Amino acid sequence: MELWGARLYGNPCRDCGFGWSLSPREAVGLVEDLPARYGALVKGRRGDERHPELAWNIAAYISHVTDNLRNWAERLAGARLTGVRQVPGYDQDLLAQARSYNDVCLAGAVWSLQRAAEAWAESVSAALEEHVVLEHADRGVQRAEDIARNNAHDAAHHAWDIERILAYTDQSTGS
Ligand SMILES: [Zn+2]
């Protein structure tokens, strides 16, 4: 079984400090606030800023968060609409390669994140109301509330990655 959530990252997350005790509604609110948070974070940036320890640039991180939200929103909608709970995993690195994340235009990535966050909030809110439960191929049982927290963490964690990248690039250019 693949480790995920607080068992993988620690509570709070040992990297970004995310606390896993938030309510599912708070997790939805966090994702709804994401586009504004990310938009402010990357305002005036190019998108190709990198940190030497990280494979992805800032446009790539945003594209990953977008695709992750879209994937989970789709899975929860599928289960809610049909009652079929089994969902496969997906390989985030293969997806990054297929979509050439590091070459995605930053403005387009931010635009896409806005739409993905809205669709995600709608799907997750409906799944929470109907107590949807998924059976994930690698992670086992995932309740809608687990997914709400896990996706909110992914988004918060990568905002932290972007902050690290920007701190690094600002320091190395002396700006
Ligand atoms: Zn984290």
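Predicted model: local features only at pLDDT ≥ 70, side-chain atom pairs only at ≥ 80, totals over all residues.
1. Composition. The protein chain holds 7 helices and 3 strands. Read from the N terminus, the order of elements is α-α-α-α-β-α-α-β-β-α.

2. Overall dimensions. Along the principal axes, the C-alpha atoms occupy a box of roughly 55 × 30 × 30 Å. The radius of gyration is 16 Å, which agrees with the value near 16 Å that a compact globule of 175 residues would have.

3. Burial and contacts. Of the 175 residues in the protein chain, 34% are buried. Among contacts with a separation of 6 or more, 81% are between residues 24 or more positions apart.

4. Strands 1 and 2. Strand 1 (residues 86-87) runs parallel to strand 2 (residues 133-136), and 2 bridges join them. In this pairing Val 87 of strand 1 stands opposite His 136 in strand 2.

5. Strands 2 and 3. Strand 2 also pairs with strand 3 (residues 140-143), here in an antiparallel arrangement with 4 bridges. Val 133 is placed opposite Arg 143 in strand 3.

6. Helix 2. This helix spans residues 24-32, and its buried residues are Ala 27, Val 28, Leu 30 and Val 31. Viewed down the axis of helix 2, these buried residues fall within an arc of 160 degrees, so they line one face of the helix. The elements that cover them include helix 3 (34-42), helix 4 (58-82), helix 6 (106-129) and helix 7 (144-173).

Technical notes:
Residues numbered from 1 in each chain as written. Buried ≥ 20, exposed ≤ 12 C-beta atoms within 10 Å, placed from the backbone. Arc of directions from axis to C-beta. Contact = placed C-beta atoms within 7 Å. Rg over C-alpha atoms; globule rule 2.2 N^0.38 Å. Pairing = 2+ DSSP bridges.
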